[in-house]
Amino acid sequence: MKPFKHHNAYSIEEALTLLRDYEGRARLIAGGTDLIGILKGDILLDYPEALINIKTIPDLDGIKEDGKGLKIGALTRLSHIVRSPVIEDKYGLLEEAARSVGTPEIRNMGTIGGNLCQDTRCWYYRYPNQMGGRIVCYRKGEGPCYAIKGDNRYHAIMEGKGCFAVCPSDIAIALTALDAEFMIASTGGERVVPITDFYQTLGHVLKPDEILTKILVPKPPDNATQTFLKYRLRESVDFAIVSVASVISLEGGICRDASIALGAVAPVPIKAIEAEQIIKGKPLDAKTAEEAAEAAVADAKPLSMNAYKIEVTKILLQRAIMA
Amino acid sequence: MSKDYRFIGKRTPRKDALEIVTGKATYIGDITKSELLYGKVLRSPYPHARIKDIDTAKAEAVPGVAAVLTHKNVPDWRTGMPRHVPVLDRKARFVGDAVAIIAAETEEIAIEALDLIDVEYEKLPAVYDVEEAMEPDAPQLHDDFPGNLVDGFPVFGPKTLSEVVVGDVEKGFEEADIISEGTYGYESIANPLPIEPPGVIARWEDEHRLTVWSGTQSASWHRFIMQSKMGYPDIRAIDTQCGGSFGSKNYAPLPLFYAAALAKATGRPVKVCFTKEEHLGAFVLRPGSRFRGKIGIKRDGTVTAVSGVWFVDTGAFSDMTQGQVAVGCGEAQLMLRCPNWDLRTRLVCTNRSASGVVRGFGGQELESALNPILTMALEKASLDPVQFFKKNYVKPGDGYIWREGNYWVSRGTDYSETMDKGAEAFGWKEKWKGWLKPTAINGARRTGVGVGVHGNADVGEDESEAYVRLNPDATATIYVSVSESGMGQRSSLCKMAAEVLQLPLERTHVTPADTMVNPFDFGLVGSRGTYAVGSAVIKAAEDARHKLLDLAAPKLEAAPEDLETMDGMIYLKERPEEGISWSRAMGIMQTCMGFGRFEPDYSVPNFLIQFVEVEVDTETGRVDLRRVVSATDVGQIIDPPSLEGQLHGALGSAGIDTALFEESIWDRTTGHMLNINMIDYKWRTFLDLPQFENVILETPLPTHRFKAIGVGEIATSPGPGAVRMAVSNALGKRVSEYPLTPDKILKALGKMGRGKTE
Amino acid sequence: MSSMKEQERQKIAFTVNDVSYELEVGDQFNQVAPSHTLAHTLRETLGLTGTKVGCDQGACGSCTVIMDGEPVLSCMILTVECDGRYIVTIEGLQDRRTGRLDPLQQAFIDNTAFQCGFCTPGMIMAAKSLLEKNPFPDEQDVKEALAGHYCRCISHYHVVEAVLEAAKKGR
């Protein structure tokens, strides 16, 4: 890698001070499983002058549960989320999503905050500089989106605007279905942002002087069926081609409540609101599921090579509803 | 079936096992030399461009940079077939092509200096499709190759096969009951992608002598092939343990050029180790393959005529691809016994990184592209493919024209029993429901089965030599130019010598792979290690043994024929208790040196049949490989786990998965390789393992003393066609593309959803 | 607040295979640059070349070492962030004085659970960590533990057998 300076921050204030002092030329490093790859590939137009290690900040990890829900520190390793008895017991959707990420070693290193904030995997965006020069594209601030005319088999089928790369985080999809909120610290104080406001087309909304500190997950209904379906070519390593996360409650055979999120279909996690509306108050049968699935993709605008993702999304959604 | 030997056929620990499991096995990345410099490559942003100007002054001025070379100042060496690939050229022919090279004290300094080289490019139009590249107005990649058609090259002698023209195809087609024709491709252009990227250290000992360290599959290629390309320096090639090769790291000509050129310019040793990105985007890929032709068969499965053109896409240049064309033409004849052929070939350049030697060596490419045409004919005749292969795979007494253009008659086995045993183990009779019929339907999930065959007469290719030296302390040293890249051959050759000499394995050693020390060996290609290299080692061991017994005979007052040796003792056969030691027989200041040489023999084709079972989710389009059964006859197993490992290798090295998810993906407007990392390039993980069974027969073959033959190379080749067949059967529809990713499956099922296409 | 310069780490101390190291942070030979990965430091600075680098992208598992009891990818870890860590590499498994191998190493030999051997150290470390946490794994547990390990020779089947055998013998 090209050189950089390295600082350990021992408190949030220190980290924020360093960020401010470097005036945008420093980056936070948590687990590093995404950032180190970005630096090695030298894919971005600016290379940081310094890395600020936040793993040295105490109390930014940990899983706490009370009657209302979970508080997960942003530095909690993915493997701890997988191993957490309370998450496995009551927030199974989150556990499944975490368990599906990468590989065991990556889960030992990667943090939930890092996973939520990770950069997109678009292969134009990620093209390594050493192999003929990084690709400068819309997402990087200059140039077109190469996926539009190029190979977009893994790109967005909805909500693409200028950039058609998809949000790669499985945890984000699970947390969208779980209606999570994020606690964000800055020099100005703390703010809480619902996950549905945390992402926009070009990535997360964190400002240069902000740090994600906690993930708040309200307790899902006791008897809700939590499902996470991750469609990919292989059972390990791969990011999702399409994913669906759902929390569905039934009462007397009728759907009482539904929260459904779609992943890897858009630059942001998608809350499948139309599908939720269709199945609420109805018995869950194949016909209703199909209707909901059709509604969920009604506004899909596929590119030249990814129309198949529409079909896969519909199928996954139906399977999640009927689970 | 097989004899009961002491070592041969028995499970024995591999000789390098201890080093491997303790991390002591030494690969090229693990060694350093004093005053070593690190070499790095500046690569082209364009798929096709002329270098109008290149200014390296700023890069040269960086502290720690020892040399910067461009086409202007590299030595005039050339590689490729014919010699059309200079160390650095005035042109870039693919995104990532080498433009300049730097040697510096550290890799970081070299990379930093790369950014300071100023290049002015004149962009040229690029071409990516093999037939488009042949059109009159196509961009021309090489001045030497008008129409981008690469010249033939007598890689295997003046009659090297570049076409198969035999008999009378017109008559053959008239005799056919069924003719099937079309144009189909096997264009995954996958990467064998061994785990270790290629790397070379080069050091000039003086103006004339060059020492090269590298982890390669064939220990001598850096000497005997590269010498002629570099003005005949005296090259000493030393091999480190090789982290996988599958053909692609038989040698590393361009990394060697870069390291040697920089070493010459700086007067210091230079190490060039490719990164994984370079390994993916600027190193050996499978050739692309497209077949346009027809096959005629009779209803009883007799093949009456094969005609067509085989288009082979070699990317930016050809290094050995003519060899793959030749062997592909040969292997097609092994698979399809047919008196009438008119098979022509075209070798074409396109603007992507170059193809090179890959396991399957042309046969996998041709057969996978032929496969849809062949299976359509079988389908029309309602022929069971296993019966068809039994009828048509070359039998003892059948003839074929092999790669060097000579006619050979097979002395091999009739592999029908192998096919039957494989079919039995797989349950073929129960699972095969007929063409385009699924084996089972379970809701949206459909199961289908398929089968493929492959074989190669290269098991006896090329020359090998070996010495075996018997030492007074009852150890034996085998001098053979053999490196270790995964086949376990260095260890297996010890077993062969140990068996001849009846010495414990611990007392049998192979010399380091060093061309200064060892006699000639062509290399470990085409599964020749067992037969060809084995023969040389066995002969050398027998020769040494004779000499030893000649020395012992007077001391035991016997004739040498009456003597036996075991565990370092020599004795009369009837009086084993009255032996003398080797040291008494030869004296402690003497050794016994035996020599053996193997001359090429292309008369014993090997064989492998592979059955596959796939399950297709017809709603999501995903195809899962559930079960693989490979069946082969090796004559005699030398080392059971090494053989099993080689057969399991079907799931690696751009084999069966090129039909499922493995491919190199380029953007055909910008020319970038898109899946140029280990996540987007798909490979099989521990959680995706199918059930895998090997059925191994041992019918003694007329090869050498142990009647054995190698099969490692062919393990990958039947798979892609078999999977294509299985998926077609599962869906009840013919699919013909590789790889069969979900989008292709859903398209075949008419389920693409709304969209700009369909 | 401390200045940016003061907060930079000056020395990194960690243990590898029960040997303690203290390295200075800096750009000189034998120092640790902030951009050095643990794999680089282990191999180039400390001469422990048993840990292999296959992809340098965190996607093949060859560089796996055990750090504070967890298998991690040393090519994706910065050495300057390893202060105070307890690291075990492949070189740490064999008892150096007696030569006795870890049961896993012996099982890999007995099952020829390798072909080219490049992925082997990483796999053994991941398997070692698995057996430390779960002495009774089944086949699926083994495959899941190794789910991030690239082996192109396809020694997978033998590797699974070797790990299960080592688990049995270790008990």
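This is a predicted model: local features need pLDDT of at least 70, side-chain atom pairs count only at pLDDT 80 or more; totals for chains, interfaces and linings use all residues.
Over all chains, the count reaches 89 salt bridges. One of them pairs B:D601 with B:R411, with the closest N and O atoms 2.8 Å apart. B:D601 sits in the loop between β28 (592–598) and β29 (608–617) of chain B. B:R411 sits in the loop between β19 (407–409) and α11 (416–426) of chain B. The pair therefore ties together parts that are 190 residues apart in sequence. B:D601 has a relative accessible area of 10% and is buried, because the cut-off for that class is under 20%. B:R411, at 39%, is partly exposed.

A second salt bridge joins the side chains of C:R152 and B:E662, at 2.7 Å from N to O. This pair crosses between chains. C:R152 lies in the loop between α5 (139–145) and α6 (156–170) of chain C. B:E662 lies in the loop between α16 (640–648) and β31 (691–697) of chain B. Both C:R152 and B:E662 are buried.

Within chain C, the side chains of C:K128 and C:D102 form a salt bridge, at 2.7 Å from N to O. C:K128 belongs to helix α4 (residues 120–133) of chain C, and C:D102 to the loop between β5 (86–88) and α3 (103–110), so the pair links parts that are 26 residues apart in sequence. C:K128 and C:D102 are both buried.

Salt bridges with shared partners also build a network. Its members are A:E235, A:R319, B:R445, B:E615, B:D617, B:E619, B:R622, B:D624 and B:R626. Between the side chains of A:R319 and B:D617, the N to O distance is 2.9 Å. Five salt bridges are counted between chain A and chain B. Across this interface, 13 residue pairs are in polar contact, both residues being at pLDDT 80 or more.

On the side of chain A that touches chain B, helix α12 (residues 308–321) gives the most, with seven residues. That side divides into 23 nonpolar, six polar and 10 charged residues.

The contact as a whole takes 39 residues from chain A and 47 residues from chain B. The two chains bury about 3800 Å² between them. Carbon and sulfur atoms account for 60% of that area. A:M131, A:L233 and A:R234 supply 18% of the area that chain A buries against chain B, more than any other three residues.

Key: Residues are numbered from 1 along each chain as its sequence is written. Chains are lettered from A and ligands numbered from 1 in the order in which they are written. Side-chain values use heavy atoms; hydrogens and water are left out. A salt bridge is a side-chain nitrogen of Lys or Arg within 4 Å of a carboxyl oxygen of Asp or Glu. Helices (H or I, at least four residues) and strands (E, at least two) are DSSP runs, numbered from the N terminus. Buried means under 20% relative accessible area, exposed over 50%, partly exposed in between (1.4 Å probe, protein chains only). Contact means heavy atoms within 4.5 Å. Buried area is the accessible area (1.4 Å probe) that two parts lose on being put together, summed over both. A polar contact is a pair of N or O atoms within 3.5 Å; within protein, one must be able to donate a hydrogen and the other to accept it, and residues adjacent in sequence count only if both atoms are side-chain atoms. Ala, Val, Leu, Ile, Met, Phe, Trp, Tyr, Cys and Pro count as nonpolar, Asp, Glu, Lys and Arg as charged, and the others, Gly among them, as polar.
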